[in-house]
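My plan is to note what I look up, one entry at a time.

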Amino acid sequence: MEPYEKVYVDVDFLDEDPHGEIGCTTCHGGDATDPNWETAHAHVVRDPSYAKPQEACGSCHDSIATVAPKSLHYTLEPYWKVLHTRMDTSNHVTMQKVSEAFGNHCASCHSSCGQCHISRPETVEGGFVDGHFFHKRPDMETNCTACHGSRIQKEFMGKNKGLPPDVHYLKRLNCNRCHSADEMHSADGQVLSRYQADKHARCETCHPDAVSENSKLEIHQIHAQKVECQVCHSVAYKNCYGCHVGKDSKGLAYYQVDSTLMGFKIAKNPLKSKARPYDFVLVRHVPTNRHLFDYYVKDAFAHFDSLPTFKYATPHNIQLHTPQTASCNACHGNKKLFLMKGDVPASEQKANAKIIVREEDIPPKQ
């Protein structure tokens, strides 16, 4: 975007948007009475909704501003939970170095109120979406998939070569049709995984009959509570291996991934709970590895094997008909679909031991 597009406040905003009735300094700070622009802008805050959301937004949106700073978009807490589980948290040097690495490479992947409702997120270079106008619902491509683009956007919009778009995308449904404002603002910032949050998108919200014991489809009755919906109704999705972070000769932070592969693997459920009782779910390999932060500190992950490197997955590429739905034996007895020992790198066998499917665990052919 051009510089003027990032800062422009037009007459329509002042006349039509309720936020235009509020003085600039009310949200951004600074001194409107000072004729010297340099000193007048001395204490201006570029994104007040990230610095102090309760003050910037809370006077009008108190209930949201109170909980939003505890949401996953603000805290990135699941990342920290995973890091702390794998690290020796009693080693202060390791903790300090990993915190530095996280700040350089990971911490920018957050979003404030303003970066959803008025501008693009800073991680994708910011810039106003529509002048200074505020939008109640974030734009799917400008905001949602701007950040969640590499995997979710390509799956959802059918940008992975040879794979169709998600059926919900073809029906012109946006992200917010499934991911509600309550979920986005939810104060579940302390959970290990977003799937453990109280409010999250679930297939049965719109398809209650699909998981009912009285479903019209016998196949749903048989698999209900045993198999995650995506096991049957997803297709191949991206898996990333071997992320490494560091700084180049100029001190600029970078990351590098060894490989990204399209795959489809069914595993034992790593997040089994009352809410997600399934025996079999899809898993996606995430780019973590033992040497992720070696540039900053060697052997940071003393307890690397405490968590799987294949993560519970819900790909955004839902189809009514998939290779798995062609027949019972498309899955039953089909070893290629299951995460078996030979599919897991030798260095990650122990970490994934609890979710690897043994040959005797695979449902037999019908």
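Does Arg 290 count as buried, partly exposed or exposed, and at what relative accessibility? I looked this up before anything else, bearing in mind that the model is predicted, and found that Arg 290 counts as partly exposed, at 30% relative accessibility.

Entry on the partner of Arg 290. I found that its side chain meets that of Asp 305 in a salt bridge, at 2.7 Å from N to O. Both residues sit in the loop between β4 (280-285) and β5 (310-313), and the pair, 15 residues apart, links distant parts of the chain. Asp 305 is also partly exposed, with a relative accessible area of 22%.

Entry on the other salt bridges. I noted that the structure holds 10 of them. In one of these, Lys 335 and Glu 359 bring their closest N and O atoms to 2.9 Å; both lie in the segment after β5, so the bridge ties together parts that are 24 residues apart in sequence. Lys 335 counts as partly exposed at 41% relative accessibility, and Glu 359 counts as partly exposed at 47%. I also looked up Glu 360, which forms a salt bridge with Arg 358 at 3.7 Å between the closest N and O atoms. Glu 360 counts as exposed at 59% relative accessibility, whereas Arg 358 counts as partly exposed at 46%. Lys 268, Arg 358, Glu 360 and Asp 361 are linked in a network of salt bridges.

Entry on a charged residue without a bridge. I turned to Glu 228, in the loop between α17 (218-223) and α18 (229-233), and found it buried yet with no salt bridge, the nearest side chain of opposite charge being that of Arg 276, 5.4 Å away. Among the residues that Glu 228 touches are Tyr 278, Phe 280, Tyr 312 and Thr 314.

Entry on helix α12. Within residues 140-147, I found Met 140, Asn 143 and Thr 145 buried. Seen down the axis of α12, these buried residues fall within an arc of 155°, so they line one face of the helix. Their cover includes α11 (114-117), α13 (149-157) and α14 (167-170). At the start of α12, I noted a side-chain oxygen of Asp 139 reaching to within 3.2 Å of the backbone nitrogen of Glu 141.

Entry on the whole chain. I recorded 18 helices and 5 strands, and buried residues making up 37% of the 366 residues.

Terms used. Residues numbered from 1 in each chain as written. Predicted model: local features only at pLDDT ≥ 70, side-chain atom pairs only at ≥ 80, totals over all residues. Heavy atoms only, no water. Helix = DSSP H or I, 4+ residues; strand = E, 2+ residues; numbered from the N terminus. Buried < 20%, exposed > 50% of the residue type's maximum accessible area, 1.4 Å probe, protein only. Lys, Arg positive; Asp, Glu negative; His and termini not counted. Salt bridge = Lys/Arg side-chain N within 4 Å of Asp/Glu carboxyl O. Contact = heavy atoms within 4.5 Å. Arc of directions from axis to C-beta. Polar contact = N/O pair within 3.5 Å; in protein donor to acceptor, adjacent residues only side chain to side chain. Lists of a residue's contacts leave out its neighbours within four places in sequence.
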